[in-house]
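Please look over the fold below, with an eye to helix packing and aromatic contacts. The report follows the structure.

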Amino acid sequence: MDKPLDLIEFETMLLGRYMHLLTPRMREGDRRLDRSAYLLLSRIQVDGPMSIGQLSDAFGLDTSTLNRQTAAMLRSGIVERIPDPEGGIARKFAITAEGQRRLASDRTENLDGLEKVMENWAPEEVAEFAAYLGRLNRDIERLDGRPWPRR
């Protein structure tokens with residue numbers, strides 16, 4: 001592990017391992033969103049209501065996987081199916097008030113966990129890390145052909 005790319009591979013492997021440890025997946029009296037629901041809700045929040053086809057294009061997942069994931073989200077009340085606001089045939093998934101609440105709550109807990117981890121970092125170090133991480137993600141998205149919309 002003497003090459004920078006070897007170190008990056010190793011550290012990103014560990015990052016994937018540790019991200020779930022930043023905040024517990026279960027809170028007393030309330031459940032955290034599972035990873036797929038968190039990602040899907042985050043994308044719908046940015047793009048607005050999306051159909052299964054749009055979600056498939058955005059995530060590169062097959063429709064059967066998305067049908068299972070969205071069915072679970074419908075049962076938990078975090079999304080609802082609505083007619084296409086633009087008049088299309090396909091119904092779309094929109095975030096419910098409960099979905100917004102849970103997404104905001106989970107995001108706050110994620111940020112709290114990151115803040116604890118980085119409490120001894122200088123603000124400039126946090127900003128520099130965020131810039132490099134953003135660049136890494138944008139380059140991955142460029143190669144994948146599915147950029148994530150940024151605010």
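**Overall picture**

The model is predicted. The protein has six helices and four strands. Read from the N terminus, the elements follow the order α-β-β-α-α-α-β-β-α-α. Along the principal axes, the C-alpha atoms fill a box of roughly 55 × 40 × 25 Å. The protein has 151 residues, of which 29% count as buried. Among contacts with a separation of 6 or more, 51% come from residues 24 or more positions apart.

**Packing around H2**

Two packed helices are described by the angle between their axes and the distance between the axes. The axes of H2 and helix H4 (residues 63-75) cross at roughly 90° and come within 10 Å. H2 and H4 are therefore roughly perpendicular to each other. H2 brings Ser36, Ala37, Leu40 and Leu41 to this contact, and H4 brings Leu66, Gln69 and Met73. By class, the H2 contact with H4 holds five nonpolar residues, two polar ones and no charged ones.

H2 also packs with H3, at an angle of about 105° and with the axes 12 Å apart. H2 and H3 are therefore roughly perpendicular to each other. On the H2 side, the contact uses Leu39, Leu40, Arg43 and Ile44. On the H3 side, it uses Leu55, Ala58 and Phe59. The class count for H2 with H3 is six nonpolar, no polar and one charged.

Where does Ser51 lie? Ser51 sits in the loop between helix H2 (35-47) and helix H3 (52-59). Ser51 has a relative accessible area of 10%, so it is buried, the cut-off being under 20%. Leaving aside neighbours within four places in sequence, Ser51 is in contact with Ala90, Arg91 and Lys92.

**Aromatic pairs**

How many aromatic pairs does a search of the whole structure find? The search finds two. A pair of aromatic rings is described by the distance of the centres and the angle of the planes.

| Pair | Centre to centre | Angle between planes | Class |
|---|---|---|---|
| Phe59 and Trp148 | 5.7 Å | 80° | edge-to-face |
| Trp121 and Phe129 | 5.6 Å | 75° | edge-to-face |

Phe59 is in helix H3, and Trp148 is in the segment after helix H6 (123-144). The pair therefore ties together parts that are 89 residues apart in sequence. Trp148 is partly exposed, with a relative accessible area of 27%. In the other pair, Trp121 is partly exposed at 35% relative accessible area. Phe129 counts as partly exposed too, at 38% relative accessibility.

**Arginines and Trp148**

Arg43 lies over the face of Trp148, at 5.0 Å from the ring centre. Arg43 is also one of the H2 residues in the contact with H3. Phe59 belongs to the H3 side of that contact, and Phe59 pairs with Trp148.

Arg138 is found in helix H6. Arg138 is partly exposed, with a relative accessible area of 41%. Arg138 and Trp148 are 10 residues apart in sequence, and their C-alpha atoms are 8.1 Å apart in space. Not counting residues up to four places away in sequence, Arg138 touches Ala131 and Arg150.

Note on methods
Residues are numbered from 1 along each chain as its sequence is written. This is a predicted model: local features need pLDDT of at least 70, side-chain atom pairs count only at pLDDT 80 or more; totals for chains, interfaces and linings use all residues. Side-chain values use heavy atoms; hydrogens and water are left out. Helices (H or I, at least four residues) and strands (E, at least two) are DSSP runs, numbered from the N terminus. Buried means under 20% relative accessible area, exposed over 50%, partly exposed in between (1.4 Å probe, protein chains only). Contact means heavy atoms within 4.5 Å. Axes are lines fitted to C-alpha atoms, for helices over the stretch in contact, and angles run from 0 to 180 degrees between N-to-C directions. Angles under 35 degrees count as roughly parallel, over 145 as roughly antiparallel, 65 to 115 as roughly perpendicular and the rest as oblique. Ala, Val, Leu, Ile, Met, Phe, Trp, Tyr, Cys and Pro count as nonpolar, Asp, Glu, Lys and Arg as charged, and the others, Gly among them, as polar. Rings of Phe, Tyr and Trp (its six-membered ring) pair if their centres lie within 6.5 Å; planes under 30 degrees apart count as stacked, over 60 as edge-to-face and the rest as tilted. A charge sits over a ring if NZ of Lys or CZ of Arg is within 6 Å of the ring centre and within 35 degrees of the ring normal.
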